[in-house]
Amino acid sequence: MVAWVESLHPIWQALIRVLLLVLPVLLMVPGAIWYERRLLGWFQDRIGPNRVGNITVSRRNRFAPDFLKGRKFNLFGLIQPIADGIKLFIKEDLMPAKADRLIFVAAPALALFPAFTLGATIPWGPIQALTPVADVNVGLLYILAISSLGVYGVVLSGYASNNKYSLLGGLRSSAQLISYELGMGLALGSIVLAVGSLKMTDMVRAQEGPLWGFVGPLANWHLFTPYGFLAAIIFFICMVAETNRAPFDLPEAENELVAGYHTEYSSMKFAVFFMGEYAAMLVYGGIFMTVFAGGWHLVPIRWDWIAEQAPPLAYLAGGFATWDYWLAPLTMIAKCVLVLTVYIWLRATLPRLRYDQLMALGWKSLMPLAVANLILVAAWILVERLTGNPFYGFLFLLVGVGLVVLFYRQFRSVLRGPGSDLPRREVELVNYAKPASSETSEGVPA
Amino acid sequence: MTAETGNLLFFGALAGGAAASAVGVVAFNNAVRSAICLVANFFLLAILYFTLNAETLGITQVVVYTGAIMVLFLFVIMLLNLGAAHVLHEKFDWKRGAGIAFGVVLFGLVGSQILPPLMGFTQPRAPDGYGSPDNIGRALFTQYLVPLEAVAYLLLVGIVGSVLLAKRRI
């Protein structure tokens with residue numbers, strides 16, 4: 001099949017690659033919405049949507065074949081997003097009288113565009129003919145460029161609605177996205193420095209080497225290197241901020257801005273915003289996994305090394321390597337879902353940040369940390385070249401990252417400026433029955 | 001259809017779109033629409049750079065202009081809430097005629113310098129890998145190291161200066 005694809009005209013090849021990227025993302029969006037609602041329900045000790053699509057065939061149904069009569073089919077509410085979609089389709093499509101009509105209609109499309117084009121340089125599997133859409137030598141820069149276009153949908157919808165709340169949401173969003181793009185770019189910069197290439201396929205290949213340069217059986221996933229771990233945390237926080245998800249969902253803060261930039265949007269226009277958000281979450285998951293966690297490989301184990309070093313295990317290792325190769329797209333999807341789970345976990349756990357906290361986190365914490373990490377990686381490359389021993393390089397990195405984190409923890413209050421660490425105040429609950437004395441003695445504040 | 005006419009059509013569509021959006025920047029009365037036209041113009045120019053094998057330049061164009069500078073532009077325009085410029089309509093005066101004349105002269109001057117060397121080319125194209133990030137990076141950090149560092153310091157001074165000007169208390 002690969003040979004057949006390669007024999008086609010380049011335009012058809014490109015079309016096939018685009019479809020192989022866009023269709024799965026498009027099909028995963030309703031699943032992601034259902035997954036989020038079920039998982040949130042579980043986190044909040046309730047059930048969530050579990051009814052839609054449950055079919056019970058009546059015993060007296062004349063049209064059903066005998067073996068179906070009296071049977072129950074449980075789809076766990078998987079049809080819920082489709083029901084939601086139908087509901088949104090048949091709702092009235094409102095537009096404010098004084099809205100900027102052209103921009104009002106174009107804004108949802110502009111919000112959807114970056115979500116789907118973002119993944120064009122991510123390899124979803126090892127076969128070059130099918131993925132990625134374009135293996136350009138500016139792969140990572142392309143991702144940064146497209147993610148920076150994500151602001152326009154939000155900002156323009158905020159402007160075009162002719163609504164103060166929408167406008168405020170749009171303004172907040174543009175400030176937030178510009179602030180967090182810096183930290184994101186610098187975090188990715190340290191990885192680019194270590195890999196020595198901007199190509200996404202090179203990123204995956206670099207993570208197939210031995211861990212830290214000297215541990216043979218394990219693969220060098222950036223998540224497990226000291227600098228990569230720091231960069232991964234910074235990148236993940238910036239990623240959540242870029243997709244406007246909780247706890248960074250200030251552009252749509254319900255208690256302050258009604259619904260933020262999409263207050264005036266209804267029906268399918270709102271659905272398009274919604275779809276863009278979930279597609280962006282999934283694709284960002286793919287980026288995170290490609291840059292930091294080995295791309296389409298399932299586990300950080302080097303099967304070929306094991307086959308070489310331990311001939312009795314060669315057959316087994318070869319088998320695992322083959323499975324790893326052919327199940328690559330499924331692995332990638334599973335990894336995206338894992339990132340999605342963390343997204344939902346964050347949403348269920350953390351309260352929304354205040355605006356000044358948001359800015360302080362982006363500019364005064366993440367950016368200095370990312371810069372320190374970048375300098376550290378540059379120094380590490382120098383040390384490794386001078387000594388020629390990856391072990392010394394690893395020791396240097398370990399000490400360096402430890403010092404950076406220690407320094408940051410020590411001087412966090414200085415970095416963030418005065419008044420950032422407010423004293424915790426005890427909250428007195430009204431009409432709240434005091435717990436029994438046995439519990440208060442265990443440290444619960446009375 | 002040969003590859004050459006296909007390329008020409010593609011270029012025509014991109015360049016035509018870029019030119020139309022450039023006209024839109026000055027033609028629209030609404031400041032936000034003008035800004036959006038400028039965004040479209042920058043984006044189409046970036047794609048043109050891509051077709052000329054200058055990927056790094058094209059991506060930098062998108063990151064810097066489309067993704068950062070124009071967002072700030074829009075931010076300021078929306079913050080000031082500029083509507084259609086009724087107040088700015090001026091009566092006809094000699095300045096407009098002089099402006100058109102100067103514009104034509106400038107266009108002629110620049111064009112006379114740029115166009116003749118390009119006349120011979122039908123499809124200008126850089127060799128493969130000419131604009132790749134590693135080539136540009138190597139050139140920047142060897143041949144042009146001193147100018148690069150000088151520009152870096154200039155920008156740093158600019159940032160520190162603007163912070164000093166903007167903040168009343170440090």
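Of the 446 residues of chain A, 40% count as buried, a residue being buried if 20 or more other C-beta atoms lie within 10 Å of its own, exposed if 12 or fewer, and partly exposed in between, with C-beta atoms placed from the backbone. This is a predicted model, in which local features need pLDDT of at least 70 and side-chain atom pairs count only at pLDDT 80 or more, while totals for chains, interfaces and linings use all residues. Residues are numbered from 1 along each chain as its sequence is written, and chains are lettered from A and ligands numbered from 1 in the order in which they are written.

**Chain A as a whole**
- Chain A holds 18 helices and four strands, where helices (H or I, at least four residues) and strands (E, at least two) are DSSP runs, numbered from the N terminus.
- The C-alpha trace of chain A spans about 70 × 65 × 60 Å along its principal axes.
- Among contacts in chain A with a separation of 6 or more, 75% come from residues 24 or more positions apart; two residues are in contact if their C-beta atoms, placed from the backbone, lie within 7 Å.

**Confidence**
- The mean pLDDT of chain A is 82, and 93% of its residues reach 70 or more, pLDDT being the predictor's confidence in each residue, from 0 to 100.
- Over residues 439–446 of chain A the pLDDT is below 50, and this stretch has six contacts in the model beyond near neighbours in sequence.
- Where pLDDT is low, the predicted coordinates should not be read in detail.

**Two packed helices**
- Helix H15 (residues 355–387) of chain A packs against helix H16 (residues 390–410) of chain A at an angle of about 160 degrees, with their axes 9 Å apart; axes are lines fitted to C-alpha atoms, for helices over the stretch in contact, and angles run from 0 to 180 degrees between N-to-C directions.
- H15(A) and H16(A) are therefore roughly antiparallel to each other, since angles under 35 degrees count as roughly parallel, over 145 as roughly antiparallel, 65 to 115 as roughly perpendicular and the rest as oblique.
- Residues of H15(A) that meet H16(A) include A:Leu369 and A:Trp380, and those on the H16(A) side include A:Phe396 and A:Tyr408.

**The contact between chains**
- In the contact between the two chains, 16 residues of chain B touch 18 residues of chain A.
- Helix H3 (residues 55–80) of chain B gives the most to the side of chain B that touches chain A, with 13 residues.

**One residue, A:Tyr315**
- A:Tyr315 lies in helix H13 (residues 314–326) of chain A, and A:Tyr315 is exposed, with 10 other C-beta atoms within 10 Å.
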